[in-house]
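This briefing goes through selected local features of one protein chain, grouped by topic. Please keep the sequence and the structure at hand while reading.

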Amino acid sequence: DVNFGSDVLSFAIEQRREEVDSSMNYSVKARDLMGAMLSYALRTGDWSALAVLRTDHNSQFGSHTNWSLSGGYQFTPDWRAVLSSGTSFQAPSFNQLYYPGFGNAALTPQQNQSNEIGLKYRHGNVNVEATVYQNDVRGFINPSTNVQSALAILRGLSLSGTWQIGASQMSASYDYADPRTQPNNLRLLRIARHVTNFRIQHQFSDVSVFSELKWSSDREDN
């Protein structure tokens, strides 16, 4: 990391090796992963921004370059707007490729385009956040079935808030998700459309006591 006043320039390089411990003679039993990342975090007045560029080479699946841009604006002392967009890729793990009875050796990397916009409120002991997002994942690997779809569209809304009163904290959250695979427009398995959480916590000296209620709508299985 290199600091320029309140700005930060970051550079990272990563090297990793993965191997399969098996007596089976798979076509690829080891792979080398190398990555390099460059980012710049900017803060000036009420504005903040982050730009990231990353390239990865996977000896099994080749090279991929991705980027992300995000920014925020503090338009009042209590309110802040945030926006982000970016791409990423994820190679299938060796378990996803080869695990007995589950593996699918034909899997290829997922490639993702994500967009998100949010609004944050903070005043005293009250925090509230709202976020809307959409991720388009090409070559989506369904974690329940390990089957790859041409495209999955993951879109949703997340709301959350906390309120601190002395040694007590109350929090609530609501998430709406409607992830679907394309072109068949089917819901992803085992993901609820609606999930709500309520939590009350109180601190007694060194002991914390809490109560939590979670509600979710139905999940399709098969």
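Asn112 has a relative accessible area of 18%, and because buried means under 20%, Asn112 counts as buried. The model is a predicted one.

**Asn112**
- Asn112 belongs to strand β7, which spans residues 110-123.
- Leaving out residues up to four places away in sequence, Asn112 touches Gly86, Thr87 and Ser88 as well as Asn135, Asp136 and Val137.

**Largest pocket**
- The volume of the largest pocket is about 330 Å³.
- Its lining is made up of 20 residues, and Arg16, Arg54, Asp56, Phe89 and Gln90 are the ones that lie nearest the centre.
- At least two lining residues come from each of β2 (7-19), β3 (30-44), β4 (47-58), β5 (62-74) and β6 (79-90).
- Strand β4 provides the largest share of this lining, with 5 residues.
- Sorted by class, the lining holds 8 polar, 6 nonpolar and 6 charged residues.

- The whole structure contains 4 aromatic pairs.
- One of them is the stacked pair of Tyr26 and Tyr98, with 4.1 Å from centre to centre and 10° between the planes.
- This pair links distant parts of the chain, since Tyr26 sits in the loop between β2 and β3 and Tyr98 in helix α1 (residues 94-98), 72 residues apart.
- Tyr98 is buried because its relative accessibility of 11% is under 20%.
- Another pair, Trp47 with Tyr73, is tilted: the centres are 4.4 Å apart and the planes make an angle of 35°.
- Here too distant parts of the chain are linked, with Trp47 in strand β4 and Tyr73 in strand β5, 26 residues apart.
- Trp47 has a relative accessibility of 52% and so counts as exposed, the cut-off being over 50%.
- Tyr73 is partly exposed, at a relative accessible area of 30%.
- Tyr26 and Tyr98 also form one aromatic cluster together with Phe94.
- Apart from neighbours within four places in sequence, Tyr98 is in contact with Val20, Tyr26, Ser27, Val28, Gln60, Gly103 and Ala105.
- The C-alpha atoms of Tyr98 and Met24 are separated by 9.5 Å, while the two residues are 74 residues apart along the chain.

**Arginines over rings**
- Arg31 is placed over the face of Phe94, 4.3 Å from the ring centre.
- Arg199 is placed over the face of Phe210, 3.9 Å from the ring centre.

**Backbone details**
- The peptide bond that joins Gln182 and Pro183 is cis, with omega about 10°.
- Pro183 is part of the loop between β11 (180-182) and β12 (186-187).
- Asn146 is not a glycine, yet has a positive phi, near 60°.
- Asn146 lies in the loop between β8 (126-141) and β9 (148-165), and counts as buried because its relative accessibility is 2%.
- Ser205, also not a glycine, has a positive phi of about 50°.
- Ser205 lies in the loop between β13 (194-204) and β14 (207-216), and is exposed, with a relative accessible area of 64%.

How values were computed. Residues are numbered from 1 along each chain as its sequence is written. This is a predicted model: local features need pLDDT of at least 70, side-chain atom pairs count only at pLDDT 80 or more; totals for chains, interfaces and linings use all residues. Side-chain values use heavy atoms; hydrogens and water are left out. On a 1 Å grid over the protein atoms alone, a cavity is a set of points where a 1.4 Å probe fits but cannot get out, and a pocket is an open set with protein on both sides within 12 Å along at least five of seven lines; lining residues have an atom within 4 Å of a point. Grid points are joined across faces, edges and corners, and a volume is the space filled by probe spheres set on the points. Helices (H or I, at least four residues) and strands (E, at least two) are DSSP runs, numbered from the N terminus. Ala, Val, Leu, Ile, Met, Phe, Trp, Tyr, Cys and Pro count as nonpolar, Asp, Glu, Lys and Arg as charged, and the others, Gly among them, as polar. Rings of Phe, Tyr and Trp (its six-membered ring) pair if their centres lie within 6.5 Å; planes under 30 degrees apart count as stacked, over 60 as edge-to-face and the rest as tilted. Buried means under 20% relative accessible area, exposed over 50%, partly exposed in between (1.4 Å probe, protein chains only). A charge sits over a ring if NZ of Lys or CZ of Arg is within 6 Å of the ring centre and within 35 degrees of the ring normal. Contact means heavy atoms within 4.5 Å.
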